[in-house]
Every structure is written in C-alpha cells, then in structure tokens.
Amino acid sequence: MATEWQQHLTSDVIETYWRDGVVHLPQLVEQPWLDLIGEGIARITRGSGRKSVFFPGDPGEFIDTTRNFDLTPEFQRLLFDSPLADMASNILDSDRVWLLFDHVFVKDGGPERNATRPTPWHQDLPYWPVAGSQFVSMWITLDPIPGDECLEFVRGSHRQTVYDGFDPRRVLEDPTLPFYGEQYPPLPDIEADRDAWDIVSYDIKPGDVVLLHPAVLHGGGQTSAGRRRRTLSVRFFGEDVVYAERPKTRPTAPYTPGLELVLKPGDPLRHPYYPRLRPLPPHQRPDYYE
Ligand SMILES: O=C(O)CCC(=O)C(=O)O
C-alpha cells in the first residue's frame, strides 16, 4: 500500500465516493497493517480496551466498540504510520486530517453459537455531534466475507434525507423506532421494501477497503454459524468539520464526557478526543527519537 495507494485512489474513485457515498477498493492494505489491526482487535476482545456488545444477551449478540485508539498502540501505529490518513487527506481534499474515532465489530457466528444478527440499517451522522462535509470512513475487514454476509449500502443515500437513528433497545421489534424522537424523520423500513432501494454489497477479501460516507444508509452483514468477521471502521474528518449539538434526549456516539463543556456548536472540532493524524504530530515522527 505504501507505494501503490495513489494508483488505487484515482480521481474516478474519489468522484464515485462523493457521488455514491460508498466505494469498494480491492486489495489495498498490506499484510503487516492487517496484522496490526488483528493484534489491536485481539487486545480489545481480551478485555484490555473498551469492549461493548450489541444486542447484549441475545443469541445473535456481537462486539461493537468505539474509540479504542488511546488504549490500543496497534491502532496508533496503523493510523500514524500507514498511508490510510494520506488517502483520507486526498479524498477529503484537506491537508489536515483528524481521527473522529475507531470502531470495531467482531461478529462471531459459531460453531457453538447461532449466527450473529445483522447490523440494523442506519446512517452514522445523526449519532455523531458534528457538522461539515469532510468525512470519510474506511471499513476494513480481516476475514473473507461473501457478498451475502457483507455490510450493505444504499448508493447515493448520503445526498438525501438524514434520518433519525434506530432505537437499539427496540430495534428487533421495529427498526424504524427513533433514537432521539425529535429533529429527524424516522428511518424507513428498508428490509420491508428492499427493491425500492439501490442496495450494493461486495465480496470481501482481506486487504480490501470500503470507503463509506457517514450519511450513507448501511446495515446487514450478519455472520452465519462457523464464520467470524473482525472489522475495523476508521472515521476520518477534515478541516471544515465543527462541533454540533444533537437532541439532548440521548447521548451521542462515541461517549465523550465533558466535550460539550469545552466546545460550543460551530467550534472547529479540535479536542484531544480527536487526534490529528496529518500532518504527522512531531512526537510521532521518527526524528523525534534521535
Ligand atoms: O460492520 C458492521 O457490521 C457495521 C459497520 C458500520 O455500521 C459502520 O462502519 O459504520
């Protein structure tokens, strides 16, 4: 990837990202970076990170955990040293690039357990206390996944309505029940009328990256018995992104206690919760250690 990422990230790819809100880039990430991600995820699943589960207690539960960068040196090395942040800088057309947060999903389908449940359909943006345009997430999965177990995306939906989130406590009962219940319209029931939506998914091999916009509708990706999926989703942002309020009825994601006391709506999103990745901070440069 170090020498070749520019060949993958052509102007066509960047244009497709902004048009569709999703792009599949096959065979981009080299094995040593995948090894680092695997080590970081292993650290979190051993309990040395912020580990949390989705659908807790349900046979289809899965690990869904955020903002482990500060606790996970493997993610620090990946995001400071690999070209992922350089790619984000190109996609966002922003010389400065920050990490909003890292997000890990581990979906373990067996053999002794049932399949894990799909991730409910949603957009990421309503959960995050941010506004602006320079966002890109990179969804990197360490295990091969067939198209029918890949996350699914509604092409172009990031340019349309921003919906409310789903209510994680009641999503199995009704996936359109709102997270906040104010400001945003409720999510549509995409599963109930799949043909009405331009849904895409991909056959994923280790080393592939899916670029996704935080306002693109996405969901799915259950894991059947006997399979395992370890995914790192990295959320990058650029210079125009500011702190924004969300309805006070529910906490925003990820949990950032105190943030609202030091930033006011419209302030540039600058805070130690969001480390700058590019330009590389001086203490991350090799010559700092000379
Ligand atoms: O991998 C998954 O199942 C969910 C991923 C997701 O929702 C995201 O990366 O925003």
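Start at the ligand: strands E4, E7 and E12 each supply at least two residues of the shell around it. Strands are DSSP runs of at least two residues, numbered from the N terminus. This is a predicted model, where local features need pLDDT of at least 70, side-chain atom pairs count only at pLDDT 80 or more, and totals for chains, interfaces and linings use all residues. Residues are numbered from 1 along each chain as its sequence is written.

**The ligand shell.** Select the residues around the ligand, among them His103, Asp124, Ser137, Trp139 and Ser233. Here, near means a C-beta atom, placed from the backbone, within 6 Å. By class, the shell has three nonpolar, seven polar and one charged residues. Asp, Glu, Lys and Arg count as charged; Ala, Val, Leu, Ile, Met, Phe, Trp, Tyr, Cys and Pro as nonpolar; the others, Gly among them, as polar.

**Strand E7.** Next, select residues 135–141. Seven of the seven are buried, so E7 is largely enclosed by the rest of the structure. Buried means 20 or more other C-beta atoms within 10 Å of the residue's own, with C-beta atoms placed from the backbone. Phe135, Ser137, Trp139 and Thr141 lie on one side. Val136, Met138 and Ile140 lie on the other.

**Its partners.** Pairing takes at least two DSSP bridges. Find isoleucine 140: its bridge partner in E12 is leucine 232. Now show E10, residues 209–212, joined antiparallel to E7 by four bridges. There, valine 210 is the bridge partner of tryptophan 139.

**Last stop.** Select phenylalanine 236. Its contacts (C-beta atoms within 7 Å, placed from the backbone) include Ala88, Leu99 and Val136.

Notes. A residue is buried if 20 or more other C-beta atoms lie within 10 Å of its own, exposed if 12 or fewer, and partly exposed in between; C-beta atoms are placed from the backbone. Two residues are in contact if their C-beta atoms, placed from the backbone, lie within 7 Å. Lists of a residue's contacts leave out its neighbours within four places in sequence.
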